[in-house]
Amino acid sequence: MLRWARAWRLPHRGLGPSSPSFSRVPVAPSSSQGGTEPRPVPLSYRLLDGEATRPPLVFLHGLFGCKTNFNSIAKALAQQTGRRVLTVDARNHGDSPHSPDMSYEAMSQDLQDLLPQLGLVPCVLIGHSMGGRTAMLLALQRPELVERLIAVDISPVESPSSLNFPNYVAAMRAIDIPDVASLSSARKLMDEKLSCVIQSISMRQFLLTNLVEVDGRFTWRVNLDALAQHLDKILNFPARPETYSGPALFLLGGNSQFVLCRPCLTLATGSTATARRTSWLPSETSWPKKGQKGTRNPRLQGPAGCSLFLHRRTQVGTERARGCVGGASDLKL
């Protein structure tokens, strides 16, 4: 039987397994200065048990997300593959500590600290959006920690300038959070206020999952100040001189807003073989999140594509189609 083994590594009281999920928002020390490596923060995570002899699966969520975004998909893949599955809250997201540093280098360093401690290396990294780029960077910096890489709806190509993330952050920072009796009432009022700026109902509902109650007050659990400061970096991929030569799969939504140009992805990943291992899902939307009950959500085709890749049955054969992640100016993945 599958079971969640919940674990916390936060150095603050009140954030253990027996405590309420949001007793307070932890704050990590500032990263070290002077060009040294970013200081890792103790990430919050959930581990799904499985066979310890096989490379585990590690899920990294996207901007404004959290580890629970992948609960259904993680459970499905654990059942299909029998592997351990880890879902992680990135710094400044979910239950993980807040930090002024929100660079991909810092997020990669967090994982370089966490995964060996949990005995989960080498692992299969499955990252969506921002998490996908974190996974790419980790594969470049520490390829020995990565058995294979799966990037969901993201690439090393610069994100389109039409994305509305800066407007989302600005809108969330500008609105005063009401002092009302219940979280549901607070979210309803905030939804009305955000609707003036954010037209998409589903996007507002997703953003409002970050509105939580802490010590009797409602607040954003995502660190909006850090996101605002680093958003330009988050929407780009840092240039690196290293190369990742392990298996890589790019799983993309058919109407993706984040990877608009297929030839650009082919160029960025550096080889025809890698391009053949790029799967475009016939999806109306690109975000791989849980669908409504009673509906067939094409986004959940993701586990099937990942499962094939994990079992070395890609279209051209994993061993014969090894891509490259790397390159400083050309961003060869």
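Modeller: Helix axes here are lines fitted to C-alpha atoms over the stretch in contact, and angles run from 0 to 180 degrees between N-to-C directions. Helices (H or I, at least four residues) and strands (E, at least two) are DSSP runs, numbered from the N terminus. Contact means heavy atoms within 4.5 Å. This is a predicted model: local features need pLDDT of at least 70, side-chain atom pairs count only at pLDDT 80 or more, and totals for chains, interfaces and linings use all residues. Residues are numbered from 1 along each chain as its sequence is written, and side-chain values use heavy atoms, with hydrogens and water left out.

Start with helix H4 (residues 165-174) and helix H7 (residues 224-234). Their axes lie 10 Å apart, at an angle of about 150°. H4 and H7 are therefore roughly antiparallel to each other (angles over 145 degrees count so; under 35 is roughly parallel, 65 to 115 roughly perpendicular, the rest oblique). Their crossing is left-handed: the near helix is turned anticlockwise from the far one by less than a right angle, whereas clockwise would be right-handed.

Which residues meet? H4 brings Phe165, Pro166, Val169, Met172 and Arg173, while H7 brings Leu224, Asp225, Leu227, Ala228 and Leu231. By class, this contact of H4 with H7 has eight nonpolar, no polar and two charged residues. Ala, Val, Leu, Ile, Met, Phe, Trp, Tyr, Cys and Pro count as nonpolar; Asp, Glu, Lys and Arg as charged; the others, Gly among them, as polar.

H4 has another neighbour. In helix H6 (residues 201-208), Met203, Arg204, Phe206, Leu207 and Leu208 are buried. Buried means under 20% relative accessible area, exposed over 50%, partly exposed in between (1.4 Å probe, protein chains only). Those buried H6 residues pack against H4, helix H5 (183-194), strand S7 (211-214) and strand S8 (217-220).

Now set a second pair beside the first. The axes of helix H2 (residues 104-118) and helix H3 (residues 130-141) come within 9 Å and cross at roughly 70°. That makes H2 roughly perpendicular to H3. H2 passes H3 in a right-handed crossing. On the H2 side, the contact includes Tyr104, Met107 and Leu111; on the H3 side, Met130, Leu137 and Leu138 are among the residues. The classes here are seven nonpolar, four polar and two charged.

Last, the setting. The chain has 10 helices and 12 strands. Of its 333 residues, 54% count as buried.
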